[in-house]
Structures are given as structure tokens and as C-alpha cells.
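I opened this notebook to record what I looked up, entry by entry. The structure comes first, then my notes.

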Amino acid sequence: MTETMTLWRPTGPQELELVRASGWKAWPPRLPDQPIFYPVLNEQYAIMIARDWNVPASGVGYVTRFEVDRRFASRYPVRQAGGRDILELWVPAEELDEFNRHIVGLIEVVREFRPVADSAE
């Protein structure tokens with residue numbers, strides 16, 4: 001049996017729709033201004049991005065979770081993007097198709113965030 005590594009990816013509705021169209025099996029190609037695909041190594045960091053960045057940017061933020069072959073994933077550097085627990089796996093955009101082939105199982109949505117209604121209204 002393949003040993004896996006759990007990764008999380010905060011995402012907005014457009015990217016999530018492309019994941020859904022893949023049958024929940026693959027991440028879509030990066031846009032020209034996105035040279036790196038960076039899933040994150042812990043759920044709390046993914047929550048922070050989905051809630052604090054995706055919601056204001058697109059009205060909703062999702063946290064997804066997926067498994068990838070651990071041996072394969074070890075070829076990519078883990079980058080610290082801030083604090084000690086703010087860790088990302090950096091996958092070059094041109095290698096995303098191969099990365100997708102090493103996803104084990106399906107990509108799943110584990111959290112959803114929407115704007116909080118102002119309680120003063």
C-alpha cells in the first residue's frame with residue numbers, strides 16, 4: 001500500500017469548480033502568473049487563507065484535503081511562508097500534471113467559509 005501525505009489547499013469557487021469537473025481527482029493548470037502550485041501542510045494555515053483571503057476576494061473560501069504519494073511528494077521543497085507552522089509544498093506549475101497523477105483518492109472539501117453578516121444591522 002502507498003504511504004501518503006495529507007495536504008490541504010485553500011481555494012475559491014472558480015478553482016473548486018475545475019476540481020469538481022475533474023471528478024475531484026486533479027488540480028487545474030496554473031494561470032500564467034502562477035508559476036507555483038502550493039498546497040499547505042496543515043489545516044489551520046489553510047483555514048486562515050480560505051477565511052481571510054478567499055472570502056474577501058471571491059465571496060467564499062473552501063478548504064480542501066487530499067492525499068498524495070509521500071515518496072513522490074518528497075521531491076518538492078517545503079517552504080516556510082511566515083510563522084513556524086505556515087508551511088507550503090512548492091510544486092512548479094509545469095509539473096502539476098505529474099503531481100496530480102500521484103494524488104491518492106479524491107480531493108474533498110472539508111470546510112467552507114462565507115462572509116459573516118454584520119450583527120449591527
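Entry 1, aromatic cluster. I looked for grouped rings and found that Trp 27, Phe 37, Phe 66, Phe 72, Tyr 76 and Phe 99 form one aromatic cluster. I counted rings of Phe, Tyr and Trp (its six-membered ring) as a pair if their centres lie within 6.5 Å, with planes under 30 degrees apart called stacked, over 60 edge-to-face and the rest tilted.

I am reading a predicted model, where local features need pLDDT of at least 70 and side-chain atom pairs count only at pLDDT 80 or more, while totals for chains, interfaces and linings use all residues. Residues are numbered from 1 along each chain as its sequence is written, and side-chain values use heavy atoms, with hydrogens and water left out.

I searched the whole structure and got seven aromatic pairs. One of them joins Trp 27 and Phe 37, whose ring centres are 5.6 Å apart with planes at 40°, so I noted the pair as tilted. Trp 27 lies in the loop between α1 (13–21) and β2 (36–37) and Phe 37 in strand β2, so the pair ties together parts ten residues apart in sequence. For helices (H or I, at least four residues) and strands (E, at least two) I used DSSP runs, numbered from the N terminus. I then checked burial, where buried means under 20% relative accessible area, exposed over 50%, and partly exposed in between (1.4 Å probe, protein chains only). Trp 27 is buried at 3%, and Phe 37 is buried at 0%. Phe 72 and Tyr 76 make an edge-to-face pair, at 5.6 Å centre to centre and 70° between the planes. Phe 72 is buried at 5%, and Tyr 76 is buried at 5%.

Is Thr 64 buried or exposed? Thr 64 is buried, at 0% relative accessible area, and its place is in strand β3. Its side chain reaches the backbone oxygen of Arg 9 at 2.8 Å.

I checked for a charge over a ring (NZ of Lys or CZ of Arg within 6 Å of the ring centre and within 35 degrees of the ring normal). Arg 9 lies over the face of Trp 27, at 5.9 Å from the ring centre. The charged end of Arg 9 also sits over the ring of Tyr 38, 5.4 Å from its centre.

Arg 9, Glu 15 and Arg 30 are linked in a network of them. Arg 20 and Glu 17 meet at 3.0 Å, N to O; the two are three residues apart in helix α1, about one helical turn. Glu 98 and Arg 75 meet at 3.5 Å, N to O. Glu 98 lies in helix α4 and Arg 75 in the loop between α3 and β4 (78–80), so this pair ties together parts 23 residues apart in sequence.

How values were computed. A polar contact is a pair of N or O atoms within 3.5 Å; within protein, one must be able to donate a hydrogen and the other to accept it, and residues adjacent in sequence count only if both atoms are side-chain atoms. A salt bridge is a side-chain nitrogen of Lys or Arg within 4 Å of a carboxyl oxygen of Asp or Glu.
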